[in-house]
Amino acid sequence: MTVGSITLAEWGAGSKGSGSSEVDGVTITTTTLTNIDQAGTLYLAATAESTSGVTANGTGTYPVKYEKSQASIDDATGSGYSPIIWDNLAKGNYTYAALFVPKEYRHEAVAGNNHEFDYLIATSDVIAWGTQPGFSTEGHKLTHAMAQLDVKLISGTDGFTNAELNAAAVKTDSKKKVSVGSTTATLNISDLTTAKNVALKKTVDAADASGTNATFSALIAPQQLKQIVITINGNNYTLNKELTMTANQKFSLEVTVSRTPLGFSAAVTNWTEASMTEGGVVVDP
C-alpha cells in the first residue's frame, strides 16, 4: 500500500490565555451594565465565609465609561482597571460586595450645594471560589444608598405666579457625611459636627398648560431631617417637619405656597425611576 500524499494542516486559532487554568477572575461584560447610565467606578470586594481569609487582592476596581448611551468597562492601560483574580483568593466560600461610585452628580450641583453622589450598592449571595457573583436576583440587586428629596411647589389661591415659584430657593440641612471604603466596596456614613446646607436643584419648571409644578430635588445621606426652608421673593417659609430619610427611597413633599401662612401636605413614595428593576449589574461566568 502506498500513500498518495500527506498534507499538514495549518495551525488552528487557539484561545487567548495566560497559561494558568485558574488565573481568570471576575469579569464584567458590556451587557451586564445596561442599567448604569453614567460613568464612574464599580468596586467589588470578596469576603471569605470561612476562616481561610482573603488576601490583599480581594478587591477589584472596574472603571465604567459611558458613551453613546452605553456603559462598559474601561480596561485600557492607565484607567485603573484591576479585576479580582481567582488565584489571589484562598479557596472557600465568598460573599461579594458591589459599590458603584458615579463620576458626576445625578442632580447637577454647583459648589456649596452639598449634594451626595448617587451611590449604588449590593451584596451577592454566598458562593464558592471560582463562581462568578451575580447582582440580579431579588435581594441582591444594586440599590440606591442615598435618599432623594423632592419638593413640589404649588401656588395657593392667593399665591405666587409660576415665574415666582420657578425662581424660588429650597434648602435643608444635612447632618451626615459619606466616605467611600473602596477596598471593602462599602459606604461609611457618619455624623457631622456642624450641619451642612443642601440647596435643592430645580428639576421641573411650573407650567399651567401641562399642569406641572415647580419641583426641586436633592440627593442626601439617610438621616432624619428637621425642617425645609423655601425662599420666595426674599421671604423665607419654614416647614418644621421631621422626615426620616431612608436609603433607596424618594420622599415627595407637595407644598402649597400662599402669601398668607404656608400650608403643605406630604406623601412618601418608593424610589422607582432610577432603581435597578431590570437586573442591575450581573456578572456572567
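A residue counts as buried under 20% relative accessible area, as exposed over 50%, and as partly exposed in between, with a 1.4 Å probe and protein chains only. The structure is a predicted model, in which local features need pLDDT of at least 70, side-chain atom pairs count only at pLDDT 80 or more, and totals for chains, interfaces and linings use all residues. Residues are numbered from 1 along each chain as its sequence is written, and side-chain values use heavy atoms, with hydrogens and water left out.

The protein chain has 285 residues, of which 39% count as buried. Its secondary structure consists of one helix and 16 strands. These are DSSP runs, numbered from the N terminus (helices: H or I, at least four residues; strands: E, at least two). The accessible surface comes to about 15,300 Å². Carbon and sulfur atoms hold 49% of that surface. Areas were computed by the Shrake-Rupley method with a 1.4 Å probe; for residues, only the protein chains shown count as cover. Contact means heavy atoms within 4.5 Å. Among contacts between residues at least 6 apart in sequence, 64% join residues at least 24 apart.

Strand pairing was assigned where DSSP finds at least two bridges between two strands. Strand 1 (residues 40–48) pairs with strand 2 (residues 59–67) in the antiparallel sense, over six bridges. Here Leu-42 stands opposite Tyr-62 of strand 2. Strand 2 also pairs with strand 3 (residues 70–73), again antiparallel, over four bridges. Lys-65 has Ser-72 in strand 3 as its bridge partner. Strands 2 and 3 form a hairpin with two residues between them. In the turn, Lys-68 has a positive phi of about 55°.

An open sheet is formed by four strands in the order 10-9-13-14, with antiparallel pairing. Its edge strands are strand 10 and strand 14 (235–245), each of which pairs on one side only. The twist averages 30° from one strand to the next. Axes are lines fitted to C-alpha atoms, for helices over the stretch in contact; angles run from 0 to 180 degrees between N-to-C directions. Strand 13 (residues 223–232) and strand 14 are joined by nine bridges in the antiparallel sense. Thr-231 stands opposite Asn-236 in strand 14.

Ser-190 lies in strand 10 (residues 186–199). Ser-190 has a relative accessible area of 31% and is therefore partly exposed. Leaving out residues up to four places away in sequence, Ser-190 touches Lys-175, Lys-176 and Lys-177. Ser-190 and Lys-177 are 13 residues apart in sequence, yet their C-alpha atoms are 5.5 Å apart in space.
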